[in-house]
Amino acid sequence: NARAALRSRQWQYQIRAHRAERERAEQALRDAGRRKDEFLATLAHELRNPLAPISNAAYLMGRVKKEGTVQSAREIIERQVWHLARLVEDLLDVSRISTGKIDLRIGRVDLADVVRNAVETSQPLIDRRRHQLEVHVPADRTLIDIDGTRIAQVIANLLNNAAKYTPRGGSIWRSVSREADHVTIRARDSGIGIAPDLLDSIFDMFVQADTRLEREIGGLGIGLTLVKHFVEMHGGTVRATSDGPGRGSEFVVTLPVVARPPLQPEESSDPARAAGGRGLRVLVVDDNRDSADSMSSLLRTFGNEVAVANSGAEALEQLTEYVPEVVLLDIGMPGMNGYEVARRIRADPRVKNVLLIAITGWGQVSDRMLSREAGFDQHMVKPVNIDTLLSVMHARGNVE
Ligand code: ADP
């Protein structure tokens, strides 16, 4: 009997343990669902924010012809489009992280250049919020094998946060120091600070100290997740410290310095060459008429001769008469997509040597591989940087 009682107690214990486990799992699911709902609300809000000024500025440009007004409307559009593009890039990075599709492109770079790039990215926000920025980098070159683009993104994210979470007119300090086996990058600000219980969790996806939609400065709550991920992919660490709300914050990134044989320096293109290049004959193919028309006006402004097609079939038809030096081809078009158009161009002896550039919303490694297989020379993700595009076009134009 004593044994039966013991077994019954064991059963009861196991049932309670199961029940507790199930409750925990259910709670975790509910939390995940709630975070997803919050995130979607934040996302809609953050995407809508830049749309309002873009729409206002475009309206103004149509009605007010004064040069100053047009100029400032244009600047608003540029700034907001850049902001939207960054949101989308961050979102894509998060999805690449969760599917394990991020590859580092390690090359030997001077850390001072990486910091300079990051500062350039964040400077407009720092200036708009009238902060003082102090940067300390070692006087000697600090050559290090990293993915310069990703580490610049890390530093820019930290600087942007420092600018966002510091009331106007604050101070931001950024420093880089080199020890024997690692470098340390610090970003400190005089801002709103971080509560001690949030210091670890702010690196988690979608976690924000202030989730009110009416807060002054927004974001998607993924910047620090990307920071942590990119740093850890380099074998480094990142941690946050703060003396508490209102007392500023500091983020410290360390990256190991790995002794390796010298690598080839990364190739760099020279956008300055682009502006001086000669005009080229270009065919722009995009089913989105606004995209095609704005791109062709832009290219004409830079002295190129431009024809436009709004479908794959139309492009092929135009190519029977017009022989361009460059074709800018959208990929996702109804009817015949860009890959098919590219394959047909490469198979046509009259035009097969054109410079073929994919301009597309798809930027994954697999998309780039598909476009290379279809015969594209270059793959650029919308919205393309016009300086880069021009220098790519002219680099080829000058060689021939
Ligand atoms: P986002 O800035 O888009 O909200 P992040 O992942 O970059 O997302 O940051 C997560 C949260 O961490 C922010 O919402 C903010 O509450 C807090 N945070 C980040 N950087 C700072 C900082 N420098 N000072 C104070 N709080 C910060």
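Analyst: Let's take the helix pairs, then the ligand, then the backbone. This is a predicted model, in which local features need pLDDT of at least 70 and side-chain atom pairs count only at pLDDT 80 or more, while totals for chains, interfaces and linings use all residues. Residues are numbered from 1 along each chain as its sequence is written, and side-chain values use heavy atoms, with hydrogens and water left out.

User: At what angle do H1 and H2 pack?

Analyst: Helices (H or I, at least four residues) and strands (E, at least two) are DSSP runs, numbered from the N terminus. Axes are lines fitted to C-alpha atoms, for helices over the stretch in contact, and angles run from 0 to 180 degrees between N-to-C directions. Here, helix H1 (residues 2-63) packs on H2 at about 160°, with the axes 8 Å apart. That makes H1 roughly antiparallel to H2.

User: Which kinds of residues make up the contact of H1 with H2?

Analyst: Contact means heavy atoms within 4.5 Å. From H1, the residues include Phe39, Leu43 and Met61, and they meet a set in H2 that includes Val70, Ile77 and Leu91. By class, there are 19 nonpolar, three polar and two charged residues. Ala, Val, Leu, Ile, Met, Phe, Trp, Tyr, Cys and Pro count as nonpolar, Asp, Glu, Lys and Arg as charged, and the others, Gly among them, as polar.

User: How do H2 and H4 pack?

Analyst: Helix H2 (residues 67-98) and helix H4 (residues 148-164) make an angle of about 120°, and their axes are 14 Å apart. H2 and H4 are therefore oblique to each other. Arg86, Asp90, Asp93 and Arg96 in H2 meet Arg150, Gln153, Asn157 and Asn160 in H4. That contact has no nonpolar residues, three polar and five charged.

User: Are H8 and H9 roughly parallel or roughly antiparallel?

Analyst: Helix H8 (residues 312-319) and helix H9 (residues 338-346) cross at roughly 20°, and their axes come within 10 Å. H8 and H9 are therefore roughly parallel.

User: Which atoms of Tyr165, Asp189 and Ala209 come up?

Analyst: For a polar contact, look for a pair of N or O atoms within 3.5 Å; within protein, one must be able to donate a hydrogen and the other to accept it, and residues adjacent in sequence count only if both atoms are side-chain atoms. Tyr165 has a polar side-chain atom 2.6 Å from a ligand oxygen. A side-chain N or O atom of Asp189 is 2.8 Å from a ligand nitrogen. Ala209 uses a backbone N or O atom, 3.0 Å from an oxygen of the ligand.

User: And the backbone: where is the cis peptide bond?

Analyst: A cis peptide bond joins Lys382 and Pro383, with omega about -10°. Pro383 sits in the loop between strand E12 (378-381) and helix H11 (386-399). Also look at Arg130, a residue other than glycine with a positive phi, near 55°. Arg130 is in the loop between helix H3 (111-128) and strand E2 (132-136).

Key: Angles under 35 degrees count as roughly parallel, over 145 as roughly antiparallel, 65 to 115 as roughly perpendicular and the rest as oblique.
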